[in-house]
Amino acid sequence: EGQLENPLLFGARGDKKLTYAKFSTFVSKLQDDMLRLEFEALQPDAYDSIDLRQFAQTVVSNVYPNQLKGHMNRIEGPDFPEGRMSWADFQRFSASMKQLKDVSSAIELVSAAHGG
């Protein structure tokens with residue numbers, strides 16, 4: 001009694017303070033774990049890489065979900081490049097997409113602040 005099921009953030013009794021550093025580390029680890037789960041869902045091979053077609057389908061379905069059907073013709077077509085994407089490349093791509101989202105948000109804020 002009085003014990004938390006998961007004491008990670010607030011201690012076993014729930015009486016510890018949660019610092020920004022601890023919360024930030026927790027969120028970062030959670031994001032990394034979620035990214036790894038997304039990668040694993042694409043069934044990487046023994047070399048920890050996925051097919052570029054799988055990767056492209058995932059990107060399109062996340063960025064343009066309403067346009068997936070139209071893009072699938074290109075992804076499945078003969079002109080689509082063959083190749084593999086490693087876990088490290090997948091992580092780098094995800095990080096760059098996050099930075100683009102941050103830049104986009106900043107542009108929107110500046111635009112809104114200037115009445116545009």
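Reader: In which helix is Arg-53 found?

Author: In this predicted model, Arg-53 is found in helix H2.

Reader: What does Arg-53 touch, not counting residues up to four places away in sequence?

Author: Arg-53 touches Ile-75, Glu-76, Gly-77, Phe-80 and Glu-82. Arg-53 and Glu-82 lie 29 residues apart in sequence, while their C-alpha atoms are 7.8 Å apart in space.

Reader: Why are H2 and H3 called roughly antiparallel to each other?

Author: The two helices pack at an angle of about 160°, and their axes are 10 Å apart. Angles over 145 degrees count as roughly antiparallel, and H2 and H3 are therefore given that description.

Reader: Which residues make the contact of H2 and H3?

Author: From H2 come Arg-53, Ala-56, Gln-57, Val-60 and Ser-61, and from H3 come Leu-68, His-71, Met-72 and Ile-75. These residues divide into 5 nonpolar, 3 polar and 1 charged.

Reader: What makes His-71 count as buried or exposed?

Author: The relative accessible area of His-71 is 18%. Buried means under 20%, so His-71 is buried. The residue is found in helix H3. Leaving aside neighbours within four places in sequence, His-71 is in contact with Val-60 and Tyr-64.

Reader: Which are the buried residues of H3, and what puts them on the same side of the helix?

Author: The buried residues of H3, a helix of residues 68-75, are His-71, Met-72 and Ile-75. They cover an arc of only 115° around the axis, which puts them on the same side of H3. Helix H2 (52-63) is included in what covers the buried residues of H3.

Reader: Which exposed residues does the face of H3 turned away from its buried side carry?

Author: That face carries the exposed residues Lys-69, Asn-73 and Arg-74.

Reader: Which residues of H1 and H4 meet?

Author: Asp-32, Leu-35, Arg-36, Glu-38 and Phe-39 in H1 meet Trp-87, Phe-90, Gln-91 and Ser-94 in H4. The residues of this contact divide into 4 nonpolar, 2 polar and 3 charged.

Reader: How do you know whether Gln-43 is buried or exposed?

Author: Gln-43 has a relative accessible area of 64%. Exposed means over 50%, so Gln-43 is exposed. Gln-43 is found in the loop between H1 and strand S1 (49-51). Its phi is positive, about 55°, although Gln-43 is not a glycine.

Reader: Why is Asp-48 called partly exposed?

Author: The relative accessible area of Asp-48 is 25%. Buried means under 20% and exposed over 50%, with partly exposed in between, so Asp-48 is partly exposed. Asp-48 is found in the loop between H1 and S1. Phi of Asp-48 is near 60°, a positive value in a residue other than glycine.

Notes. Residues numbered from 1 in each chain as written. Predicted model: local features only at pLDDT ≥ 70, side-chain atom pairs only at ≥ 80, totals over all residues. Heavy atoms only, no water. Buried < 20%, exposed > 50% of the residue type's maximum accessible area, 1.4 Å probe, protein only. Helix = DSSP H or I, 4+ residues; strand = E, 2+ residues; numbered from the N terminus. Arc of directions from axis to C-beta. Contact = heavy atoms within 4.5 Å. Axes fitted to C-alpha atoms, helices over the stretch in contact; angles between N-to-C directions. Parallel < 35°, antiparallel > 145°, perpendicular 65-115°, else oblique. Nonpolar A, V, L, I, M, F, W, Y, C, P; charged D, E, K, R; others polar.
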